[in-house]
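This report goes through one protein chain, part by part. The sequence and the structure are shown first.

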Amino acid sequence: MDKVLNIPQYEMNEEQEKKEILRKYRALLRALKPKLKPGDKEHVRAAFEMAVEAHKDMRRKSGEPYILHPIAVATICVEEIGLGVRSTICALLHDTVEDTDVTLEEIQREFGSEIAKIVDGLTKIANVIDTNLSKQAENFRKILLTLTDDPRVILIKLADRLHNMRTLESMKREKQLKIASETIYVYAPLAHRMGLYNIKTELEDLAMKYMEPDSYKYIAQKLDNTKRERTRYINDFIRPLKEKLTKANFKFEIYGRPKSIHSIWNKMKKKGVTFEEVYDLFAIRIILDSPPEKEKEDCWKVYSLVTDEYIPAPERLRDWLSNPKSNGYEALHTTVMGPHGKWVEVQIRTQRMNDIAEKGLAAHWKYKEGNSEENRFDKWFQQIRDVLSNPEANSVDFLQDFKLSFLAEEIYVYTPKGDIKMLPVGSSALDFAFSIHTKIGESCIGAKVNHKLVPISHKLRSGDQIEIITSSKQKPKAEWLKFVVTTKAKTKIKDSLKEEKRKIGEEGKAALVKKLESLHIPATQQQFEEIASYFKINSSLDLFYEIAIKKIDLTEMKSWSYNGDKIVFPKQDKPGLDDKGDKPLSKKDTELIIFGESSDKIMYSLANCCKPIPGDDVFGFITQGEGLKIHRTNCPNAARLLANYGHRVVKTKWVKNKEISFLTGIKIIGLDDVGVINKITNLISGTLKININALTIEAKEGVFEGNLKVYVHDKEELETLVEELLKLPGIEKVERFDSEPSP
Ligand code: MN
């Protein structure tokens with residue numbers, strides 16, 4: 001799983017380096033061999049030579065010759081994604097235009113326009129996440145346009161990212177965090193979308209290794225310790241199935257596969273369980289060698305044999321045979337009760353399906369010929385094209401929206417007529433309404449989900465059948481944006497709100513013009529902008545609106561005058577409408593010193609979303625208008641911030657200071673008992689002398705859940721507290737809770 005835990009210190013002389021480069025290049029050619037047609041080899045060679053020459057004076061951070069990187073990327077393209085000759089050429093050249101003197105024209109002259117276009121696409125992606133946010137969104141949009149033209153761009157880019165992640169060790173810590181965050185934020189979901197499960201999993205694991213090193217090591221260690229036991233269990237589980245399948249004359253492979261560290265960790269966090277409590281640390285995979293016409297039938301036959309041996313949990317059957325995922329994934333998943341009452345996931349698929357699961361899009365094309373089924377990728381690309389063609393889409397929210405909308409896992413829901421619709425996980429009834437038609441979305445007042453009346457914010461689940469209820473009096477509202485996730489719904493709601501605002505604003509504009517005339521101040525766009533900036537409002541449109549809804553009082557303007565060039569505003573206190581930022585920094589907070597790149601004292605505040613305390617792994621984030629905010633690196637918002645605004649991240653470190661304490665939350669779960677509150681409070685404020693800020697306890701059916709807010713000095717103190725609490729009789733679980741319901 002983790003292919004490069006340690007990169008050996010780089011030591012080679014020039015002669016050895018040359019040999020190494022050639023050795024790697026020959027290995028690439030060997031992998032490519034089945035796809036080589038006459039004349040291809042010369043082209044690949046020419047690309048290799050061009051790349052060698054272009055990168056000849058460059059080295060990677062690890063010290064290796066740079067050329068080893070493009071060779072590695074090309075090898076991943078061939079071996080792990082299943083791409084062919086042209087992609088190999090592009091991969092070899094992918095960093096030349098960006099980083100060397102080679103021009104796109106030279107590539108075009110030498111290799112033709114198809115390859116030049118892909119290399120151009122790859123060059124454009126290179127800086128996407130580095131630049132400022134709006135430019136980044138714009139670039140990302142461009143990539144997606146290239147992607148819909150030629151998806152090989154994104155496949156090669158994923159190979160590039162994978163190799164960079166595999167060799168991240170030699171980078172500086174900030175760089176590691178930034179690259180890892182982008183990976184988790186954009187590239188892993190993209191790999192998933194492209195159906196590249198292995199690459200997605202590896203990207204996630206590698207990102208976690210840098211973002212959450214402690215949890216990563218903890219789980220890796222645990223997995224290692226339990227390996228023998230697990231292997232024995234898997235063998236016991238598989239044995240009777242092997243017999244049955246052999247007897248039924250199936251040609252098959254069966255094996256147990258460990259789940260990724262990242263997915264185990266996700267489960268631990270999501271369900272709030274310990275490593276020991278995660279039951280599916282592995283899955284059993286059965287891969288059948290079946291002729292195309294018998295695939296589905298065979299899979300179900302095997303399902304039947306498996307469930308004859310082990311009892312299935314009916315609610316956990318996933319049939320992606322009849323309804324493949326939109327990234328092309330096909331398989332039958334079931335969870336059965338194995339020996340010793342353990343639940344075990346079994347995945348059944350054919351060799352063809354397995355190829356698609358591993359090599360995704362590229363393999364999908366291979367099988368496309370002769371397959372009359374509509375291409376799900378084409379459909380997906382079409383949806384992207386639709387969104388991209390919307391001029392609103394270049395807003396800075398685009399990346400976020402796009403991610404939620406196109407890179408999320410999906411659910412399947414049904415119209416009353418039984419038509420199937422795919423929506424991203426987290427979609428509401430309102431998203432569904434907009435997915436049917438903009439008019440239906442805009443006039444939606446409620447829905448019936450499985451014949452039960454629900455509000456428009458109701459979150460949908462796979463298998464739901466939805467009927468939308470509309471009213472001609474309904475109008476889109478700003479709150480709606482909080483519970484839609486699809487880009488389409490968001491864009492349409494925003495459009496409608498903007499239009500509404502513009503209409504209301506006309507009244508405000510008229511009033512303002514009148515007022516200005518009475519003051520002998522000209523009323524042109526220039527003045528509107530001066531006034532807007534005086535009130536710290538973004539646009540004149542907003543200004544008119546604020547005036548119309550009386551948030552700005554025109555009588556305040558009576559002391560304004562005009563000097564023939566600019567409006568003269570009164571000097572004293574600007575009103576400023578956007579004082580809604582966080583509470584001012586408390587005195588306590590500002591006393592702590594945190595060192596950034598320089599060791600100056602910096603004003604900072606602690607992020608509310610993750611409430612860091614000294615000892616936590618943290619980073620500083622320069623906010624607009626609120627100074628430096630300190631987040632934990634495992635904050636739920638960290639990946640988004642690091643990926644989108646890498647340039648605003650600064651390295652921060654705690655300085656030991658016993659004078660200051662920090663508020664943090666702890667959740668305690670245990671068996672209800674009359675004395676329990678006393679025991680907890682005695683321990684905390686009596687024995688440990690920690691101040692309690694708030695304590696709520698809720699008991700239900702013999703189990704209680706306590707939420708506690710305490711002041712601690714650092715992580716160590718918190719850990720001691722947790723340990724001591726766990727020693728109390730009846731207490732089952734104690735954990736820190738990071739985040740308030742997100743702001
Ligand atoms: Mn590269």
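## Helix 11 against helix 14

In this predicted model, the axes of helix 11 and helix 14 (residues 261–271) come within 8 Å and cross at roughly 70°. Helix 11 is therefore roughly perpendicular to helix 14, since angles of 65 to 115 degrees count as such. On the side of helix 11, the contact is made by Glu 204, Asp 205 and Met 208. Their counterparts in helix 14 are Ile 261, His 262 and Trp 265.

Helix 11 covers residues 197–211, which is 15 residues. From its first C-alpha to its last, helix 11 reaches 21 Å, close to the 21 Å expected at 1.5 Å a residue. Of its 15 residues, 13 are buried, so helix 11 is largely enclosed by the rest of the structure.

## Helix 12 against helix 14

Helix 14 also meets helix 12 (residues 213–225). The axes of these two helices come within 10 Å and cross at roughly 105°, so helix 12 and helix 14 are roughly perpendicular to each other.

Helix 12 brings Ser 215, Tyr 216, Tyr 218, Ile 219, Ala 220 and Leu 223 to this meeting. Helix 14 brings Ile 261, Ile 264, Trp 265 and Met 268. Ile 261 and Trp 265 of helix 14 are also among the residues in contact with helix 11.

In general, an α-helix has 3.6 residues a turn, so residues three or four places apart point the same way.

## The manganese site

Which residues supply the protein donors of the manganese ion? They are His 69 and His 94, each through NE2, and Asp 95 and Asp 160, each through OD. These donors lie 2.2 to 2.3 Å from the ion. Along the chain, the donors follow the spacing H-x24-H-D-x64-D.

His 69 lies in helix 3 (residues 68–79), while Asp 95 is in the loop between helix 4 (85–93) and helix 5 (96–99). The pair therefore ties together parts that are 26 residues apart in sequence. His 69 is buried, with a relative accessible area of 1%. Asp 95 also counts as buried, at 10% relative accessibility, because the cut-off for buried is under 20%.

## Helix 9

Helix 9 (residues 152–166) has 15 residues, which should span 21 Å at 1.5 Å a residue. The end C-alpha atoms of helix 9 are 21 Å apart, which agrees. Because 14 of its 15 residues are buried, helix 9 is largely enclosed by the rest of the structure.

Arg 193 belongs to helix 10 (residues 173–193). Is Arg 193 buried or exposed? At 7% relative accessibility, Arg 193 counts as buried. Arg 193 and Ser 326 are 133 residues apart along the chain, and their C-alpha atoms are separated by 8.0 Å.

Asp 236 is found in helix 13 (residues 227–247). With 33% relative accessibility, Asp 236 counts as partly exposed. Between Asp 236 and Gly 338 there are 9.2 Å in space, C-alpha to C-alpha, and the two are 102 residues apart in sequence.

## The chain as a whole

The chain has 27 helices and 21 strands. Of its 743 residues, 47% are buried. Among contacts with a separation of 6 or more, 67% are between residues 24 or more positions apart.

The accessible surface of the chain comes to about 37900 Å². Carbon and sulfur atoms account for 51% of that surface.

Notes:
Residues numbered from 1 in each chain as written. Predicted model: local features only at pLDDT ≥ 70, side-chain atom pairs only at ≥ 80, totals over all residues. Heavy atoms only, no water. Helix = DSSP H or I, 4+ residues; strand = E, 2+ residues; numbered from the N terminus. Buried < 20%, exposed > 50% of the residue type's maximum accessible area, 1.4 Å probe, protein only. Contact = heavy atoms within 4.5 Å. Areas by Shrake-Rupley, 256 points an atom, 1.4 Å probe, with all protein chains shown as cover. Expected span 1.5 Å × (residues − 1). Donors = N, O, S within 2.8 Å, 3.2 Å for Na, K, Ca; no water. Axes fitted to C-alpha atoms, helices over the stretch in contact; angles between N-to-C directions. Parallel < 35°, antiparallel > 145°, perpendicular 65-115°, else oblique.
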